[in-house]
Amino acid sequence: MESPAQDSTAELTVGQLSARSGVAVSALHFYERKGLIRSHRTGGNQRRYDRSELRRVAIVRAAQRAGVSLATVAEAFAELPADGVPEKADWQRLSARWRSELDARIEALQKLRGDLGGCIGCGCLSLADCGFVNPNDAQGSAGPGARAFDAM
Ligand code: FES
């Protein structure tokens, strides 16, 4: 008789899903609370996961590596077909979208790094002169007088 770990059609316990995905059980429960993965309960009230949840976990992990928020992943999963199982084409579409977002973040970070470059060895933190503290003089355009930093 085949054990559940060897049976390719068997559903997975949370421990098996953790072992197969390399994701901690606590993280899997967190993903489930966020609606990123799904389970059902056995008669004994134990969680069971369809094997396809491994694909969803893999996508969540890949998205996290790219800095994509879990909320964004959840929105993407909501667009999946009724069975909610991401196919190769789904991953291709999502990864292309997230690559564009990653490119935009890299560009913004490079600009931020450039702004910070002028501060090295300066230390003035001037609202009038420091492009890092007051990018594009955003505080000046808000009117005269002192401005709160958290308004930036
Ligand atoms: S600290 Fe002086 S320019 Fe930023």
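In this predicted model, the axes of helix 3 and helix 5, the latter spanning residues 88-117, come within 12 Å and cross at roughly 15°. Angles under 35 degrees count as roughly parallel, and helix 3 and helix 5 are therefore roughly parallel to each other. The crossing in which helix 3 passes helix 5 is right-handed. Which residues meet there? From helix 3 come Arg55, Ile59, Ala62 and Ala63, and from helix 5 come Lys88, Trp91, Leu94 and Trp98.

Let us stay with helix 3 and turn to Glu53, which has its place in that helix. Is Glu53 buried or exposed? Buried means under 20% relative accessible area; Glu53 has a relative accessibility of 1%, so it counts as buried. Its side chain is joined to the side chain of Arg38 by a polar contact of 2.7 Å. Leaving aside residues up to four places away in sequence, Glu53 touches Leu17, Ile37 and Arg38.

I now come to helix 2, which covers residues 25-33. Its buried residues are Leu28, Tyr31 and Glu32. Viewed down the axis of helix 2, these buried residues fall within an arc of 100°, so they line one face of the helix. Ser26 and Arg33, on the other side of helix 2, are exposed.

What covers the buried residues of helix 2? The cover includes helix 1, residues 14-21, strand 2, residues 47-48, and helix 3, residues 53-65.

Finally, please look at what follows helix 2: Gly35, with a positive phi near 80°.

Note on methods:
Residues numbered from 1 in each chain as written. Predicted model: local features only at pLDDT ≥ 70, side-chain atom pairs only at ≥ 80, totals over all residues. Heavy atoms only, no water. Buried < 20%, exposed > 50% of the residue type's maximum accessible area, 1.4 Å probe, protein only. Helix = DSSP H or I, 4+ residues; strand = E, 2+ residues; numbered from the N terminus. Arc of directions from axis to C-beta. Contact = heavy atoms within 4.5 Å. Polar contact = N/O pair within 3.5 Å; in protein donor to acceptor, adjacent residues only side chain to side chain. Axes fitted to C-alpha atoms, helices over the stretch in contact; angles between N-to-C directions. Parallel < 35°, antiparallel > 145°, perpendicular 65-115°, else oblique. Left-handed = near helix turned anticlockwise from the far one by under 90°.
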